[in-house]
Amino acid sequence: MSGREGALALVAAAALVAVPLLLPGWVAFLLTLALAKSVVVLAIALLLRAGLVSFGHGMFFAAGAYTVGLLMKRVGVHEAVLLTAAGIVVAAAAAALVGLFIARYRGIFFAMLNMAISMVVYSVLLKLYWLTGGTDGIGIRTPVILGMTPDRESLRLAIYYFTLALTLPAFYVVQRFWNSALGFVLRAVRDNEVRVEYMGTSVYRSIYAAYVLSGGLAGLGGVLTGFSVGHIVPEQAYWTTSGEFVFVAVLGGPASVPGPLVGSIAFEFLKSYASKYAAFTWQMTLGAAMLVIILFMPGGLWTIYGWLARGGRRWAWSSKPSA
Amino acid sequence: MTVPIAILLDGVLYAAVLFLLAAGLTLVYGVMRILNIAHGSLYALGAYTGTALVLAYLSTGGPEPLMYLALLAGAVLAGSIVGPLVERLLLRPIYAREEVVQLLVTFSLFLILEDVMKLVWGVQPYYVAKPYAYLGTVTIAGVRYAWYQLLLIAVALATGVLVVAAIRGTRIGRMIIAVTADREISTTLGINVARLFTLAFTAGAILAALGGALVAPLIAVAPGISVEAIVLAFAVVVIGGLGSLEGAALGALIVGVTRAAAVYLLPEAELATVYLIMVAVLLFRPRGLFGELEMRRI
């Protein structure tokens with residue numbers, strides 16, 4: 001991270017700390033949700049950078065959320081820190097198990113097998129009514145945060161800061177991971193995995209490690225989403241939910257660190273407006289936007305920052321009339 | 001004794017529909033190396049246009065047997081209009097891009113088509129039971145079965161034979177085999193690959209739409225059928241081996257009968273069993289039953 005980018009990250013973090021104190025409550029709620037989901041998007045982006053797309057990360061998202069729901073409802077654990085840790089561990093363990101099988105595949109097979117397994121998880125969550133409540137889902141009550149129970153007024157802010165306190169380290173961890181030796185192996189895997197093997201590195205193990213980390217992150221996102229929405233449903237494991245995360249990753253630009261965060265915030269705000277003004281054309285808008293980004297802006301929304309950072313030359317260029 | 005027979009009959013019926021769907025999906029993949037996530041939407045589109053045409057035809061009061069023609073016309077119309085449009089406008093620009101990008105583009109198309117169908121036909125379910133009721137029922141070994149269901153199985157079989165015969169026996173079919181084997185060398189031999197791609201994609205779209213139109217009299221045509229269809233069709237082609245028509249037929253039978261058995265014996269596990277079979281097949285044959293191992297490219 002260069003000095004300039006480090007400063008930018010600090011400014012962004014400070015802004016995220018200050019925003020809910022300055023803006024109305026519904027903004028804080030949407031931001032909480034965006035932050036929580038940005039962790040799942042980050043998990044998808046991590047794999048995308050290695051050239052792998054998962055249409056099944058909803059299963060780890062749901063694993064995190066259902067761990068919280070079941071521990072709260074059936075066991076009576078209410079401490080948020082404990083619940084979060086449990087959610088991450090369960091999701092990462094699930095990824096460690098699924099990964100044994102899935103790390104052998106690439107491309108279409110990787111995408112579709114993730115989808116297949118998440119659909120099994122979805123149908124199990126749906127059908128085990130006695131445990132998961134089926135389509136009704138599970139309501140999540142107010143958690144206890146570090147021994148303190150937030151009262152009604154401070155609940156929203158408490159959950160926001162709890163989410164923020166876990167989201168920012170998650171981004172830091174991924175950034176460190178990406179710049180580690182393993183991260184560089186993954187970049188190389190995307191380009192040519194046979195050559196990586198020739199150099200004496202196991203592609204399988206590298207992808208496996210990234211997959212487990214990615215699953216744990218998606219679990220964390222599920223936990224945080226559960227806290228902020230207060231209700232969890234089997235649809236979290238449905239493949240279109242996973243597709244939405246992939247969409248947001250592409251929207252934000254998977255190659256950049258802040259991409260998932262930018263994409264996630266843009267997406268949650270767009271979605272809340274679209275459900276009001278364009279309920280029937282929402283998916284269509286998503287699809288069209290994704291096409292435009294894939295075909296014309298492969299770096300995602302974050303590309304705009306690049307254009308601005310380069311003194312707006314791209315803007316000048318693109319606004320020039322084509323002679 | 002009735003339950004095993006009912007499972008078998010229902011299983012073969014599911015298999016017939018799944019085969020039409022999966023044959024299109026696997027054909028498109030074999031020729032173009034693109035897995036079309038929007039394939040289920042083409043199936044739904046066929047169901048909607050078929051239903052709409054039959055309802056429109058019946059309201060004119062023409063002779064009833066001709067409604068089957070209207071059903072087929074709906075499927076062919078939907079596939080042959082949407083197919084070339086999608087191939088030319090959306091897929092052609094991305095043939096050189098990565099697999100991941102191609103998946104995302106067809107996923108976008110899926111999202112768009114879902115809403116387009118909702119805008120055109122609304123969210124209320126459509127029912128068109130006339131083609132189903134008109135033929136009456138038959139009793140096979142103590143199980144009452146509709147003639148229409150038998151007709152559907154026969155049409156699927158005939159379509160399968162026709163497609164295989166067309167690919168093996170005609171000039172264009174042989175060109176398709178050549179392109180599937182090696183795109184570049186086919187081009188040097190003077191095959192117009194671009195035109196063949198349009199043709200293959202359109203054929204795939206018509207097959208999907210045909211599956212949808214034929215099944216429409218048996219189900220409630222409503223939003224959501226495309227998702228259900230694509231999720232099962234994927235399982236079928238992955239079990240059978242992507243790009244293989246024989247694989248699609250065998251996969252459809254396996255998935256169809258398994259699903260029927262689960263519906264009768266263990267309804268909670270309907271979807272799960274299908275996918276568990278798929279995972280089991282892949283553990284032992286990573287490219288599916290009829291799939292070929294790809295050479296590693298340096």
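Trainee: Does Val120(B) count as buried or exposed, and what decides that?

Mentor: Keep in mind that this is a predicted model. Val120(B) has its place in helix α4 of chain B. Because Val120(B) has 11 C-beta neighbours inside 10 Å, the label it gets is exposed.

Trainee: What separation is there between the C-alpha atoms of Val120(B) and Val263(B)?

Mentor: Along the chain, these two valines are 143 residues apart.

Trainee: Which element gives the most to the side of chain B that touches chain A?

Mentor: Start with the contact itself: it takes 28 residues from chain A and 33 residues from chain B. On the chain B side, the elements giving two or more residues are α4 (99–121), α10 (225–240) and α12 (270–284). With 16 residues, the top contributor is α4(B).

Trainee: Over to the strands, then. Which residue in the β1(B)–β2(B) turn has a positive phi?

Mentor: β1 (residues 137–140) and β2 (residues 143–146) of chain B run antiparallel, joined by 4 bridges. Ile140(B) stands opposite Val143(B) in β2(B). The two strands form a hairpin with 2 residues between them. In that turn, the residue with a positive phi, about 45°, is Ala141(B).

Technical notes
Residues are numbered from 1 along each chain as its sequence is written. Chains are lettered from A and ligands numbered from 1 in the order in which they are written. This is a predicted model: local features need pLDDT of at least 70, side-chain atom pairs count only at pLDDT 80 or more; totals for chains, interfaces and linings use all residues. Two residues are in contact if their C-beta atoms, placed from the backbone, lie within 7 Å. Two strands pair if DSSP finds at least two bridges between them. A residue is buried if 20 or more other C-beta atoms lie within 10 Å of its own, exposed if 12 or fewer, and partly exposed in between; C-beta atoms are placed from the backbone.
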